[in-house]
Amino acid sequence: MLARARTFAIEGLHARAVTVEVDIRPGLPAFNIVGLGDASVREARDRVRAAILNSGFEFPGKRITANLAPADLPKIGPGFDLALACGVLAASEQIPGTSLQEHALFGELSLDGEVRASQGTLAVAEATRKAGMRMLLLGPARAHEALLIDGLSVGAVQRLASAVRVLSGGEPDPVPLPGEQEDTAPAVRHPNLSDVRGRAQAVHALTIAAAGAHNALLSGAPGTGKTMLAQRLPSILPPLTREESIEVMRIHSVTGRLPAGRLLTERPFRAPHHSITTAGLVGGARRGWIGEVVLAHNGVLFLDELSEFARATLDALRQPLEDGRVAIVRARHSAVYPARFMLVAATNPCPCGYAGEHERCECSEAEIARHRRRLSGPLLDRIDLLVHMQRGSADHLNEPATTSSEQARERVIEARERQQRRLRGDGVLVNAQMDGSMLRAHLKLDGSAERMLAQAREQGKLSARGQHRALRVARTIADLSGRERVGAKQLGEALAMRPEAARSSRGAA
Amino acid sequence: MREARRGMADPRRGARGSPTAAGICASCARRAWLLGRLSVRLDFRARDLGRLWRLLELPDEQLIEAIGGHRRAELRADYAAWHAEAPDAGETLDGVCRHHDAFPRRLRPHALAPRALHVRGELALLGGLSHEKVVAIVGARRATDYGMETARSLARSLGGCGLVVASALDEGIAAAALAGALEAQGRALAVMPGTLRRCSPAWCESIYRRVVLERGCAICESAPSARRSSWGRVGAQRTLALLADLVVVVEAEERPAELACAHVARAHGIPVAAVPGRVTSPASRGAHTLLAEGARFVRGPQDALDALYDAGSIDSGRLADARDRAGGDARRPEPGYGRSSGRAPTQPLERRLACVLERVGLGEDTLAKLAAGDGDSGELACALSELELRGLLRRGDGGRYLPAGTGHKVRARCAATHRERATG
């Protein structure tokens, strides 16, 4: 007897339809699973057998062959257990086989027959809706993710026996509402910008970076508050739009990190340790491994102690920063993931950390040059803002807070709305993503700004790329203050924050 | 084998011969070989500079006697059997020795001076030194960006005036001085602490190449095939001191090795000048000690010129022209550019910019400090950018801004001197 069940396999960030065909023949008892399954799929043999037996059904003592079609798609993870079990039951005529075609089954089985959730529920739910199937049966733990997709009926099944009941025409178990979950994530409270005393210039620069999603580099001696400021960045970023939110949720669902219930509004904030490997940062360690840059999509990637990161690892950031996506190409698989994020990095200006403090820097020229070399190149080229943080005076902790997160966030949201109105037809959402042609179209420089730009160009202080960078930042500064045209004042401010290495006064001509 | 480990000159050549450069006679070449052979022993004795100078003044036999150690006899035998060898194929070595016409005349009377100099670059520069004024700009190897900027702008002004700017090719102040001289298309003289073959430190390579290619000259006492030695660094300082008409110390720590040039110059009657720094900064302590001991006080190129010539006798017109030729800090626009207004150096500064410039000079040298004091952060940032575009400010380390160039002051003093001479 041949039975067919429908399920899905996660490929990258999307789900592909998989048909589980189960064939039972007389012969020596055997249970073979074919179809390029990985180790968890091979172990499903034992799980399915135990689950069927413990659920009170009979496990046929014949030659059972299960094929996960299409046979050239590698199958990863234990999510095929439920479909395999139902296929075996249908092939041995313990449940009707006709209803199997209309239901999608997804979930891992424990040995006593309980259905567990598997990663990638959101992607599977989207694919189920697209395939036009009647109902998706899955474990209750992650069923709330599937509820976010409109136009799909979701059936939670606690045990294998419940799934059999549904397939035989019964009702599914109730889907637990988000409030009843054990793993409800508490509402995340980010540190507030009002904790920062003084540092008006740095807070202002951070606001500009947040408003236009510009990449920023915080440079300063140890203890000047670089990490503290960066950690307050999420509190002033605008919330995710609906499209951005679905993209982020799909990514987090595939890695099993999606918190309960509602649509995500918080932008992701990823801060990997500097010992991270290249594979950890961009992905590709094994099939299905997602790197930090993809997890930071539509959010912030914060690299603290930038000079401690391996050079090869930083070089791997080139593609995501340039294209907004990362393509993993290996011998056996290739995938393209979205990775459009805002890069914020913190570093010391020299190995001892005190360059620029009048007497304390003890580094020789060679050490400073070597330190700069680690950061140079394509990465520094894509930084739009350089913020210097100095040690404050003795009583700077008594200064009042410059602003609070709420006020800064309002300004950022207003500026973003202006940008979105302006850039609506161009397919980008923020100033940092404007390319040369968009700059020419949308940037309105007045006379004094044009003169200043010409002067900077003729003095050789700006390359072409540097020019575009300064213009983008100037456009964001104008948006923050509600100006339509970009004047010399905005351009001058953008030029003051440009990330040029201060190589001119040191040594080499 | 042991010879090679001791760091002898290339063992393939044999212990009894070395390649000679054209222009160096056999006895001077033999001296260069001997110094290379004894370099480890000289390194050891370089800790006491006075002793090192006395040793370098000794003729060959006495030198072997003094520091030959227990291998004296072997050394004497090698010395006697030394012969000149042809240089490597494809490598051209230029040099001058005492007996050559082009040897700098000012070095001849001193016993401390090197007997032979290997040269790369413009040989004519070396020969014409007797008609030129040479300013040596020396200082700390670990310098602050204030010191680097001061040395650079001083060298640029003096180089633009037509003086020869000399310095060791080493990190810190020395490299900044040579860079400044090259910027002004002046003539740079680099005294190499290592050998001519390889520039050390390696990242000064670009300066070395520019010095050699752009009408400058690099000289070295050690033969190109000799090993790198640490006494070579102070040796270069003494060569520099003896070649100079004025030694300007920009920043120096209070260590004998850093002040070697100044001490040698003072001992031989060459004027020494120093640029002050912050009194609390350890980087300037040596310079302050020199000032306390009577060195001339230098704030800018005009003071250096006054120290070199007598005050007031400089041709101020020549200085003003030379400054224009050097380009100052604001370049003229290309013709037909259109919109840019081409700011000439004489345009007066707007009030708000002059105010910010003054505040930076007074010590509020970062944007954060300026914003903490008074004013809107955006306007201040814009003012700093404008001043940077005009060339009046330069970016230093850690987000600090440094006043750059002393163009205005020099012109003012020139004009004043010119008026005095016209009336009085």
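Modeller: Two strands count as paired if DSSP finds at least two bridges between them. The model is predicted, and everything below is to be read as such. In chain B, strand β4 (residues 116-121) and strand β8 (residues 217-220) run antiparallel and share 4 bridges, so the pair meets that criterion. One of the residue pairs can be named: B:V119 has B:I219 in β8(B) as its bridge partner.

These two strands belong to an open sheet of 9 strands in chain B, in the order β3-β4-β8-β7-β6-β5-β9-β10-β11, and its pairing is mixed. At the edges stand β3 (94-97) and β11 (296-297) of chain B; each has a single partner strand, so one side of each has no neighbour in the sheet. In general, the strands of a sheet pair through backbone hydrogen bonds, in either a parallel or an antiparallel sense.

Chain A has an open sheet of 5 strands in which the pairing is parallel, with the order β11-β12-β15-β10-β16. Its edge strands are β11 (269-270) and β16 (385-389) of chain A, and because each has a single partner strand, one side of each is left without a neighbour in the sheet. Within this sheet, β10 (residues 216-220) and β15 (residues 342-347) of chain A run parallel and are joined by 4 bridges. A:A216 is bridged to A:V344 in β15(A). Helix α6 (residues 200-212) of chain A packs on the sheet and touches β10, β15 and β16 of chain A, with its direction at about 160° to that of β16(A).

Elsewhere in chain A there is a helix pair to describe. Two packed helices are characterised by the angle between their axes and the distance between those axes. For α3 (residues 121-131) and α8 (residues 242-254) of chain A, the angle is about 120° and the axes are 7 Å apart. From α3(A), A:T121, A:L122, A:A123 and A:E126 meet A:I246, A:M249, A:R250 and A:S253 of α8(A). By class, that contact has 4 nonpolar, 2 polar and 2 charged residues. A:R250 and A:E126 form a salt bridge through their side chains, 3.0 Å from N to O. That pair links distant parts of the chain, with A:R250 in helix α8 and A:E126 in helix α3 of chain A, 124 residues apart.

Two backbone details in the loops of chain A deserve a note. Most peptide bonds are trans, and most residues other than glycine have a negative phi. A:A69 and A:P70 are joined by a cis peptide bond, with omega about 5°, and A:P70 sits in the loop between β4 (63-69) and α2 (81-91) of chain A. A:N298 has a positive phi, near 65°; this residue lies in the loop between α10 (292-295) and β12 (300-303) of chain A.

That leaves the contact between the chains. Chain B contributes 49 residues and chain A 41 residues. The area buried between them is about 4100 Å², 52% of it from carbon and sulfur atoms. On the chain B side, B:L389, B:R395 and B:D397 lose the most area to chain A, together 19% of what that side buries. There are 2 salt bridges across the interface, and one pair whose side chains meet in this way is B:E388 with A:R498, at 2.9 Å from N to O. Between chain B and chain A, 8 residue pairs are in polar contact. On the chain B side, the elements giving two or more residues include α8 (145-160), α9 (173-183), α18 (377-389) and β12 (393-395) of chain B. The largest share, 9 residues, comes from α18(B). By class, the side of chain B that touches chain A has 16 nonpolar, 13 polar and 20 charged residues.

Methods
Residues numbered from 1 in each chain as written. Chains lettered and ligands numbered in written order. Predicted model: local features only at pLDDT ≥ 70, side-chain atom pairs only at ≥ 80, totals over all residues. Heavy atoms only, no water. Contact = heavy atoms within 4.5 Å. Axes fitted to C-alpha atoms, helices over the stretch in contact; angles between N-to-C directions. Buried area = accessible area lost by both parts, 1.4 Å probe. Salt bridge = Lys/Arg side-chain N within 4 Å of Asp/Glu carboxyl O. Polar contact = N/O pair within 3.5 Å; in protein donor to acceptor, adjacent residues only side chain to side chain. Nonpolar A, V, L, I, M, F, W, Y, C, P; charged D, E, K, R; others polar.
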